[in-house]
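Morning, everyone. I have one structure to walk through today. Have a look at it first, then follow along.

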Amino acid sequence: MTRSLTILGLESSCDDTAAAIVRHTEHDRPAILSSVVTGQKDLHAAFGGVVPEIAARAHTEKLDFCIEQALHESSLTLQDLDAIAVTAGPGLIGGVLSGVMMAKGIAAAAELPLIGVNHLAGHALTPRLVEPVEFPYLMLLVSGGHCQFLVARSAEHFTRLGGTIDDAPGEAFDKTARILGLPQPGGPSVEQEAARGDPARFAFPRPLLDRPGCDLSFSGLKTSVLRARDAETARYGGLPRQIRADLCAAFQHAVSGVLAEKTRRALRLYLAEKPEDPIFAVAGGVAANKEIRTVLEIVCNEQGVRFIAPPQALCTDNAAMIAWAGIELFRLGRKDTLSLSARPRWPLDQTSPAMLGSGRKGAKA
Ligand code: KG4
Ligand code: ZN
C-alpha cells in the first residue's frame with residue numbers, strides 16, 4: 001500500500017488540548033500539515049498540580065476550536081481525511097474521555113475510520129516522525145508524568161526495560177523549585193539557577209544505582225534537597241542566593257548522573273540484541289535540559305549509538321505524535337470501532353510488571 005494517508009490526531013490526556021493533521025506517502029518523509037496545542041497551565045496554577053475535573057471541562061471547551069484551527073491551517077476539510085486518531089489512554093480519565101467522545105462523533109458523522117492511540121506510543125514513535133529511524137530503537141521518555149526506557153520494536157510492540165518507581169524527573173524538578181522558592185515550571189528555573197551554582201557543594205544521593213536494572217527513583221532526591229535547604233537556612237538565618245544556586249546545581253547533577261548510568265545499563269541490554277543501526281532517542285519536557293541532554297549524548301557516543309532528540313514542540317504533549325502513531329497503526333491494519341474505551345491505565349508493555357504510583361499528571365502507565 002503506497003497511497004498517501006492523511007490523519008487527524010487528537011490529544012487531551014493531561015493539561016494540553018491538541019489537534020494536528022499529518023500526511024504520509026510511503027517512501028516519503030511524513031509532513032505535519034498543522035499542529036495546534038492549547039495549554040491550561042493558568043487554570044491549574046493556583047492548585048500546584050493538574051485538577052482533573054478542571055482539565056476535563058477545559059478539554060471539552062477547547063477541542064472544537066483546536067480541530068477547526070488544525071483543519072483551517074492545513075486548508076483541509078473532514079472529507080480530505082483518511083482516518084481520525086485519538087489518545088485513548090493512559091491519562092486523566094475525564095480528559096481522555098473528552099477526546100475519545102469527540103473522535104467517535106467525528107468518525108460517525110464523517111464516516112471515517114477511528115484509531116485509539118496509546119499516549120506513550122505517541123511519544124515513543126515521534127523519532128520516526130522526525131527522522132528516518134528503523135526499529136528496534138531504544139527510547140527514554142522523561143517528562144513531568146513519564147519516565148521509562150522502552151525498546152520500540154514496531155508501532156505496536158514495545159519492551160519496557162525500566163522506569164521510575166515513584167516521581168517522574170520533571171516532577172522532581174518542579175518540587176525542587178517549589179522547595180527553593182523558584183517559579184514553575186521548575187525545570188527551566190532550576191536549570192537557570194544551576195548554571196551559577198557549584199554542583200560539588202552538596203553530595204546528593206544517586207537513588208537505585210546500588211541495585212541492578214534500569215528502574216529509577218527521584219522522590220528521595222527531592223527530600224534531600226528539602227533537608228539541605230532547612231540545614232542551610234538554619235545556619236545562615238535565611239537561604240543565601242549562592243547556596244540556592246549550589247543546591248540546584250547539585251540536584252541537577254544528581255539527576256543527570258542517575259539518568260546517564262541507567263541509560264548505560266539500558267543500552268547494554270539493547271545492544272545485546274545486536275541492532276543493525278543502534279539508536280537512542282529521548283523525548284519529554286526534561287529532555288530540554290542541556291546538562292541532561294549532554295550527558296546522554298556522551299553516553300551514546302561512548303557506545304557508538306546514534307542520539308536523537310526531537311525538537312522541543314514534538315517532545316512535549318502534542319497531537320502530531322498521535323496522528324503519526326495513527327498512521328503507523330493504520331498501515332498495520334489497526335482500526336477501532338465506536339465501542340473504543342478510554343483507559344486511565346494502559347501500559348505500553350503489557351508483559352512487564354505494573355509500574356507503581358500515579359503522578360501529579362495522572363497514572364504513569
Ligand atoms: O513533557 P512535558 O511538557 O509535560 C508532561 O509532563 O507531560 O514536561 C513538562 C516537565 C515539567 O515537569 C518541567 O519542569 C520539565 O518537563 N522541564 C524541564 C525543563 N524544561 C521542562 N526539566 C528540566 N530541565 C528543563 N530545562
Ligand atoms: Zn506525555
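Five nonpolar, ten polar and five charged residues: that is the shell around ligand 1, sorted by class. Keep in mind that this is a predicted model.

Which residues come nearest to ligand 1? Out of the 20 around it, the answer is Gly-144, Asp-174, Gly-187, Glu-191 and Gly-285.

Now some polar contacts. Start with Ser-143. One of its polar side-chain atoms sits 3.5 Å from an oxygen atom of ligand 1. Next is Gly-145. Here a backbone N or O atom is 3.3 Å from an oxygen atom of the ligand. Then Gly-170. A polar backbone atom of Gly-170 lies 3.1 Å from an oxygen atom of ligand 1.

How much of ligand 1 does the protein cover? On its own, the ligand has 550 Å² of accessible area, and the protein covers 90% of that.

Which elements build this shell? Two helices give two or more residues each: H5, residues 169–179, and H6, residues 186–194. H6 gives the most, with four residues. Zoom out to the domains. Domain 1 covers 4–126 plus 314–363, and domain 2 covers 135–312. Each of them supplies at least three residues to the shell around ligand 1.

On to the metal. Ligand 2 is a zinc ion. What holds it on the protein side? The donors are His-119, His-123 and His-146, each through NE2, and Asp-317 through OD. They lie 2.1 to 2.6 Å from the zinc ion. The angles among these four donor atoms run from 88 to 165 degrees, and the site is irregular.

Look at the spacing in sequence: H-x3-H-x22-H-x170-D. His-123 is in helix H4, residues 119–130, while Asp-317 is in the loop between helix H10 (312–315) and helix H11 (320–331), so this pair ties together parts that are 194 residues apart in sequence.

Last topic: the backbone. Most peptide bonds are trans, and most residues other than glycine have a negative phi. Here are some exceptions.

Gly-89 and Pro-90 are joined by a cis peptide bond, with omega about -15 degrees. Where is Pro-90? Find the loop between strand E4 (83–89) and helix H3 (93–110).

Pro-185 belongs to the loop between H5 and H6. Those are the helices that came up around ligand 1.

And then His-27. This residue is not a glycine, yet its phi is positive, about 70 degrees. Look for His-27 in the loop between strand E2 (16–25) and strand E3 (31–39).

Note on methods: Residues numbered from 1 in each chain as written. Chains lettered and ligands numbered in written order. Predicted model: local features only at pLDDT ≥ 70, side-chain atom pairs only at ≥ 80, totals over all residues. Heavy atoms only, no water. Near = heavy atom within 4 Å. Polar contact = N/O pair within 3.5 Å; in protein donor to acceptor, adjacent residues only side chain to side chain. Areas by Shrake-Rupley, 256 points an atom, 1.4 Å probe, with all protein chains shown as cover. Nonpolar A, V, L, I, M, F, W, Y, C, P; charged D, E, K, R; others polar. Domains from an automatic or database assignment. Donors = N, O, S within 2.8 Å, 3.2 Å for Na, K, Ca; no water. Tetrahedral: all angles 85-135°; square planar, octahedral: opposite > 155°, others 65-115°.
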